[in-house]
Amino acid sequence: MSVVYLGCFSSGLLHEMLRSTKTGDSKSTWKVLIMDKVTIKIMSYSCKMAEITEEGVSLVEDIYRRRQPLPTMDAIYFIQPTKENVIILLSDMSGRAPLYKKAFVFFSSPISKELVNYIKKDTTVLTRIGALREMNLEYFAIDSQGFITDNERALEELFGDEESSRKGDACLNVMATRVATVFASLRELPFVRYRAAKSSLDANTMTTFRDLVPTKLAAGVWNCLVKYKSTIPNFPQTETCELLIVDRSIDQIAPVIHEWTYDAMCHDLLGMDGNKYVQEVPSKTGGPPEKKEVLLEDHDPIWLELRHAHIADASERLHEKMTNFLSKNKAAQIHHNSRDGGELSTRDLQKMVQALPQYSEQIDKLSLHVEIAGKINKIIRDLGLKDVGQLEQDLVFGDAGTKELINFLRTKQDATRESKLRLLMIYAAIYSDKFEGDKGLKLMQLAQLTPEDMNAVNNMRLLEGSSDAKKTSSSPFSLKFDVHKKKHAARKDRSGEEETTWQLSRFYPMIEELIEKLSKGELAKNEYPCMNDPSPTFHGTSNPASIRSSQAPPVHSMRQRRTPTWARPRNSDDGYSSDSILRHASSDFKKMGQRIFVFIIGGATRSELRVCHKLTTRLKREIVLGSSSLDDPPQFITKLKLLTAHELSLDDLQI
């Protein structure tokens, strides 16, 4: 199948919506665009203001605010199908003096029959409606292969220590509707698989609300899809792809461990607001440096090439690019010669580029990324993050334990509070039994954690599920680390190669193994059942595979050791590096198999998004990651603190 990327697809649908009002001579007619809080956000994720203006929109309005009448202009309403929105729409367009000439109404998700009938009752409004359509676009495209449902409080509402089924069900209902619109807009019908409740695997385990979260979401999504089959034109009647629904409990380490790629480091260490980075540029008047806001996004070819590269690799490649540019520039050569041909530092290179009289867009981008990489490397040095990262990796792979952690906490007095907190969270996820009683408290006191930080560490237990289930579970995805077994994993490196240069890149998120097993048909059906019970002939679900899945080898450590393919040099042929993906896009992507969607309830990480890009090329199937939110470690830790902090809000708590 040919690939249509999710981000491009949602943007295309929105442009189509804005253009659909053009009729006859109306090409030159300006329009008003009216949205609610959710649809404004959907639009902002997919379209820039300049693009909206190009489509003939002169004014963007909030449906809940008082608006000036513009009776000579048409209005496009892109709104959620709520009763409140419909009442406001009818109020705008009814009576002798409607606010707008004509209303073109587009709903972000399916509208109920009751609300449709409510609109039909008002005959004066009906004649003034130019279109009434369901866009089925209530997801937020964060990447060409990633989306979120924007349920920022999902972790708190679904996994908090005071279980509230009313709040939880309301959260899951919104999430299910939004996930389903992804499939409605792409005209895909998935096999819906989900992590089974532990009580269904072990009769002695008590069922809790949080244990049923993936099951409930899967049922909600499936109910929406069943309706789509009979209500959406050209919606497939047989399954075309696979959806796997899991929650944050499958991997508690990925959200807090340091991920050493350029993209992850930017968001983890620089305190960026979304994809916005504030750059200092030389003043044109000779005064102090001016601040300029830039977006790190897919339109930037350097960002696209380097975002998934290890920070050390990204820094080297930026240095090469800058050196190559300067070697071709006479002014730079003169400056270089005046320094007796000594090796240029990154800072020297940046100063020289800024001194050049003329900039091209390419050099603007290059100097931007040199500045960012320089800042990141300085923070890594200043905070001693290489030592922290090494211990994190060693803990995860079974090469370090309690002794090494205590030694670090005693000898590295200058380690930041956040570094120590993240180390203890990783330790708590691996050795949860050692945090029972005073043992965990003594470790946290040794680390000099604040009560709030201790709360975050203790709240890891809320993502573990039942302790009985953990003791009896032999699942290859168990988060328990068996200290009595060998430290090293039984499975050899997949590539058979030696460890590569980037030592801090061994870690991989658990969804990597889940996706690979799903693609091969080796995902155990009792642990990951299917809502629509696929037939044995469906891709990868043959009987031998399901038999193999029940004979999975025991796991000796949290992560089996493997060659970190994503940190290989860029001439690697595993198709992972960004330039490799771009290079093979035209040929390989046309031969893609059926899509795999993975949805993580409770927040996804940048390492998980990276894995989906890597596996897309390796498996020759487009892997799309969805989640309730995309969280960098500081955000995730703040949300974890909220699981037991009832009187606080996200704004009150920062790590």
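Between which two helices is the loop that holds Gln448? The legends below get to that, along with other close-ups.

This is a predicted model, where local features need pLDDT of at least 70, side-chain atom pairs count only at pLDDT 80 or more, and totals for chains, interfaces and linings use all residues. Residues are numbered from 1 along each chain as its sequence is written, and side-chain values use heavy atoms, with hydrogens and water left out.

**View 1. Gln448 sits in the loop between helix H20 (438-446) and helix H21 (451-458).** Helices (H or I, at least four residues) and strands (E, at least two) are DSSP runs, numbered from the N terminus. Phi of Gln448 is near 60°, a positive value in a residue other than glycine. Most residues other than glycine have a negative phi. Gln448 is exposed, at 57% relative accessible area; the cut-offs are under 20% for buried, over 50% for exposed and partly exposed in between (1.4 Å probe, protein chains only).

**View 2. Asp150 lies in the loop between strand S7 (146-148) and helix H7 (154-159).** Here too phi is positive in a residue other than glycine, with Asp150 near 60°. Buried or exposed, which is Asp150? Asp150 counts as buried because its relative accessibility is 18%.

**View 3. The largest nonpolar core takes in 148 residues.** A core of this kind is a set of buried Ala, Val, Leu, Ile, Met, Phe, Trp, Tyr and Cys residues joined through side-chain atoms within 4.5 Å. Phe78, Leu158, Ile245, Tyr262 and Ile376 have the most contacts inside it. Helix H8 (residues 165-186) supplies the largest share of this core, ten residues. Apart from it there's another core, of 23 residues, with Ile63, Leu70, Tyr100 and Val125 among them. In soluble globular proteins, nonpolar side chains tend to be buried together.

**View 4. Zooming in on Ile245 shows what it touches.** Leaving aside residues up to four places away in sequence, its partners include Val192, Tyr194, Pro214, Leu217, Val221, Phe599 and Ile601. Arg193 and Arg195 are also among the residues that Ile245 touches. A contact means heavy atoms within 4.5 Å.

**View 5. The second largest pocket has a volume of about 710 Å³.** On a 1 Å grid over the protein atoms alone, a pocket is an open set of points where a 1.4 Å probe fits, with protein on both sides within 12 Å along at least five of seven lines; lining residues have an atom within 4 Å of a point. The volume is the space filled by probe spheres set on the points, which are joined across faces, edges and corners. Of the 27 lining residues, Pro110, Ile111, Ser112, Thr177 and Lys227 are the closest to the centre. Helix H5 (113-121), H8 and helix H10 (213-231) each give two or more residues to the lining, and H10 gives the most, with six.

**View 6. Ile363 is found in helix H16 (residues 361-382).** At 4% relative accessibility, Ile363 counts as buried. Ile363 and Phe325 are 38 residues apart in sequence, yet 8.5 Å apart in space, C-alpha to C-alpha.

**View 7. Confidence is below 50 over residues 466-500.** The score is pLDDT, the predictor's confidence in each residue, from 0 to 100. The protein chain's mean pLDDT is 80.
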